[in-house]
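Keep the sequence and the 3D view open while reading.

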Amino acid sequence: MKYKVMIIIAVVILLTGIAGSALVLNMPHQSLVQIKQDGKVVRTVDLAAAQDEVFTMRGHGGSNTIEISDGKIRVKEADCPDHTCVKMGWLSSSALPIVCLPHRLEIAYAESDGGADAVAQ
Amino acid sequence: MKAKRLAELAVLCAVSLVIFIVELQIPNPFPIPGVKLGLANIVTVYAVYHYKPYEVALLVAVRVMLASVFSGNMMALIYSAAGSFLCLLGMLLLRRVINEKHLWLSSVFGAVLHNTGQMAAAVLVLQTVQVIAYYPFLLVSGCLAGAFTGLAAQFLTARLKAIGH
């Protein structure tokens, strides 16, 4: 009995995860992207209007080379140990940011409220 | 602590580090930070059910520290330490509720707690809430990886009993 309840809890966690993942992947996204380091916005890029560009961000003992091309953004190269940020490829989903945990770097679509303000400015 | 006990813990720690390093060589098909099989936790799960809480804590602390040194990813220490701490705390409590026959279940909860700790650390370190978008993916991977490592630990327990441990 006790174990049945626990198995049900585990299954609920799993299903919540699956539902949440589907939700995150299906969120609509806009064109304004923020590049953050240590929680501070270092740069804001409007992908719809941005020129193709390659630039390097430094900090926390390493660097990430970021590429903007055809209205998409990705981490092209990095000298972090795991390269997860590079393997994530182009930023695609609104809610799923590209992060480089070792270098505390984050590339994410701006939240809708903040995004509208930034455009107005 | 008796010398024999200490030696056993050292062997377990060495085994889990070897597993950890072997796993590092396997390319991860999921490029999501925090998602991995975590085979080294087979040893942790086993230890939780066979050693005293402070002994397991010692084992995990040494393992997490050395794993960061060996993988050259010192920044990852914050995330893995936070995850391991929460996982350890949870599993030591779960041990009182879940018996060894249901080790895999305990391991599932442990893995989910590990991912929760990592997530919390990531939110604090990156100072952004947007990374929470990863949490659902981590929950799914935690459940699956936890069940897998838990089952492996269950088989390990059966084998070790057969040779008299």
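Between chain A and chain B there are eight residue pairs in polar contact, both residues at pLDDT 80 or more. A polar contact is a pair of N or O atoms within 3.5 Å; within protein, one must be able to donate a hydrogen and the other to accept it, and residues adjacent in sequence count only if both atoms are side-chain atoms. This is a predicted model, in which local features need pLDDT of at least 70 and side-chain atom pairs count only at pLDDT 80 or more, while totals for chains, interfaces and linings use all residues. Residues are numbered from 1 along each chain as its sequence is written, chains are lettered from A and ligands numbered from 1 in the order in which they are written, and side-chain values use heavy atoms, with hydrogens and water left out.

On the side of chain A that touches chain B, the elements giving two or more residues are helix H1 (2-25), helix H2 (84-87), strand E6 (98-100) and strand E7 (105-109). Helices (H or I, at least four residues) and strands (E, at least two) are DSSP runs, numbered from the N terminus. H1 of chain A gives the most to this side, with 14 residues.

In total, 36 residues of chain A are in contact (heavy atoms within 4.5 Å) with 33 residues of chain B.

B:Ala76 belongs to helix H4 (residues 76-97) of chain B. The C-alpha atoms of B:Ala76 and B:Gln118 are separated by 9.7 Å, although the two residues are 42 residues apart along the chain.
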